[in-house]
Number of protein chains: 2
Amino acid sequence: MLDLGVLQRNLDRVADKARLHQLKLRPHLKTAKSAEIARRATARHFGGITVSTLREAEYFLEVGFTDLTYSVGITPDKLADVTRLQQAGARLNILLDDVALARHLSDRDHRNLPPFRVFLEIDCGYGRSGQPTDAEAVVEIARLCAECAHIEFRGVLSHAGHSYHAGSIEEIREIAASECAQTVAAAERIRASGLPCPEVSVGSTPTFVHGEAFPGVTEVRPGNYMFFDLSMRHRGVCEPEDIAVSVLTSVIASRAHDGRVLVDAGCLAMSKDNGGAGHPYGYGLVRDKLNQRNHGKAATYILGSLSQEQGWVARADGAEVQIRDFAIGDRLRILPNHSCMTAAAFDSYHVVDGGLDIVDHWGRCHGW
Amino acid sequence: MLDLGVLQRNLDRVADKARLHQLKLRPHLKTAKSAEIARRATARHFGGITVSTLREAEYFLEVGFTDLTYSVGITPDKLADVTRLQQAGARLNILLDDVALARHLSDRDHRNLPPFRVFLEIDCGYGRSGQPTDAEAVVEIARLCAECAHIEFRGVLSHAGHSYHAGSIEEIREIAASECAQTVAAAERIRASGLPCPEVSVGSTPTFVHGEAFPGVTEVRPGNYMFFDLSMRHRGVCEPEDIAVSVLTSVIASRAHDGRVLVDAGCLAMSKDNGGAGHPYGYGLVRDKLNQRNHGKAATYILGSLSQEQGWVARADGAEVQIRDFAIGDRLRILPNHSCMTAAAFDSYHVVDGGLDIVDHWGRCHGW
């Protein structure tokens, strides 16, 4: 279930902040993967989006999004698909961080085909892909691209994925500042070599939500903020009421004799993302019991463990579940640990607007 | 990718064992969720299958499977869908383990509608759903069903899910013996009360693979055995070469300066199932490098960690990755920790037969 009001508030918050800081917003659709949501997320912005698979690029191109950044490092055997998407109308930016691959691109026989639009990926501390700001390869790759007639060098790009594991808001702010500083510094090195570097693109939900200034940055690419989730809540990036997606389940067992309450949502619906060490919400937080049965003060319930299609309800404080709070058939809404994973288990969103009445169904793309 | 030869060998092994022990095989399609695979899995058996969602029941009914057991405890609000499927031709068995729910079913105004086909679920030690063998509710539920004109009581059923966490093959054998003994004992209690209990259904992949005798059991319902996975390998239930599914990935980074190798398969493809404590394969085992580059003796590589669309290659022994073993664009086949989860990330199977040529595409159902 996707709550329209919560979604719109999340979208507005980020879109407003991007405008305030005069940043282009190129939202990452890896979480939502939905045309309806992409339209809302790009409203009053330039219309560019980020995608995490070429399948997403294809899906979003089909529904009218032409300015796309594919945010996973490219490989030679994907270039034919890139060209095919470009010929179908996409301005598709690709990422690279490797000198040999840049050379492969520039040596390629590419006559009469649309030029590759390339971002150089910078590792600003996450430790995944990207070149360190001070690597020789930064200028070398920019030069290989600049000197090649069929490559349009777009700029530098980084993703501060380590902000998802920060221990405090202060630490997120530090990562945000460092993400900007390192990515801008890479751009400055390229420019100091007499080469163009028009774009400086950064982005993660924690660093954009908590970042205070973005000097030298031209574009941001957060994605999870559309829905948020319990992992973001645990890191202080959102409140529980900001989480726009939930899984609607039914109680399938409520047993006095062994204190067991089960629901019909398991790891295929919620995912097996446990939120990492110290995460206090098990495999999901019971947002509300739609048929109210709590006697007295409501306890905080979570999914304590999961099998494929079943979840064990537990109390967040480890106390025994109050069996009388639950009866077979009761409906529970469960907030997910990781909305990117949970949403991926579903073909479409049941859209609600405050209440429980389904006001729309929005499709989403999946697969590769 | 699904290897046809491996699949068929796995199917034959279980189908042969079921025939040897004169057991009906009602394979669980929760893992494969595919009509093509269900046809092969039921060959030379009676044709009944087990499903984990009503969506699966609908999908398999549409392709001609009529004898179905829905293996998650029923709720009142699903009964209309059950009746709808029955009216569309399904002999759909449902599960219950609750006296109040049995009473609800028997009190229901159900004139001129097909009778509910009910299995009583027994908890043989897993600690999920089901009544303990010796619970008063066992005979009470059987009696409520037997006395109701619109309920056809099918028998007792259990699932030894705890066998997935067993520490040794010996322990799996003990669980298998206990699963049979407890489920048969529940049936005997019902029969001793003068009530019918035609079926005694048990089943999990570990207990059926390693179980030695199944006295009193009429039917078995393993599912994971069709594909197996690294979790089953780790428990001694299969060998790596028995794993029928793998994820084909490309190397997207191979960097001498920081010893990092990345592939374009992350948690959306592999799932975040880490196999539990002591699991030695990270988030997946590199089965083979399709462009061979290993110099000298091949190291064992795994996926050490994952982000949404990326995986970090690591060595199983914790040593440094040999960067020269990998180049951008190299293809790796990764075996999954949990094939039920990994297969669920894909819309269809790329079927191969020994080699890498795709000989077919088989669809699968998903969602709820």
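Tutor: Let's settle burial before anything else: a residue is buried under 20% relative accessible area, exposed over 50%, and partly exposed in between, using a 1.4 Å probe and protein chains only. Keep in mind that this is a predicted model, so local features need pLDDT of at least 70 and side-chain atom pairs count only at pLDDT 80 or more, while totals for chains, interfaces and linings use all residues. Residues are numbered from 1 along each chain as its sequence is written, chains are lettered from A and ligands numbered from 1 in the order in which they are written, and side-chain values use heavy atoms, with hydrogens and water left out.

Now the salt bridges, meaning a side-chain nitrogen of Lys or Arg within 4 Å of a carboxyl oxygen of Asp or Glu. Over all chains, the count is 64. Start with R26(A) and D67(A), whose side chains pair up at 2.9 Å, N to O. This one ties together distant parts of the chain, 41 residues apart: R26(A) is in the loop between β2 (24-25) and α2 (35-42) of chain A, and D67(A) is in strand β4 (residues 67-70) of chain A. (Helices, H or I with at least four residues, and strands, E with at least two, are DSSP runs numbered from the N terminus.) Both R26(A) and D67(A) are buried.

Next, R173(A) bridges to E212(A) at 3.5 Å, N to O. Here again distant parts of the chain are linked, with R173(A) in helix α7 (residues 169-192) of chain A and E212(A) 39 residues away in the loop between α8 (205-210) and β9 (219-220) of chain A. R173(A) is partly exposed at 28% relative accessibility, whereas E212(A), at 59%, counts as exposed. There's also a network of salt bridges joining K24(A), R117(A), E152(A), R154(A) and E199(A).

Charged residues turn up in a helix contact as well. Helix α3 (residues 54-62) and helix α4 (residues 79-87) of chain A pack at an angle of about 10°, with their axes 11 Å apart. On α3(A), the contact (heavy atoms within 4.5 Å) uses L54(A), A57(A), E58(A) and L61(A), and on α4(A) it uses D81(A), V82(A), R84(A) and L85(A). By class, those residues come out as five nonpolar, no polar and three charged.

Most residues other than glycine have a negative phi. Q22(B), however, has a positive phi of about 55° without being a glycine; it lies in the loop between α1 (4-20) and β2 (24-25) of chain B and is exposed, at 73% relative accessibility. S271(B), also not a glycine, has a positive phi of about 85°. S271(B) belongs to the loop between α10 (267-270) and β12 (285-289) of chain B and is buried, with a relative accessible area of 5%.

Terms used: Axes fitted to C-alpha atoms, helices over the stretch in contact; angles between N-to-C directions. Nonpolar A, V, L, I, M, F, W, Y, C, P; charged D, E, K, R; others polar.
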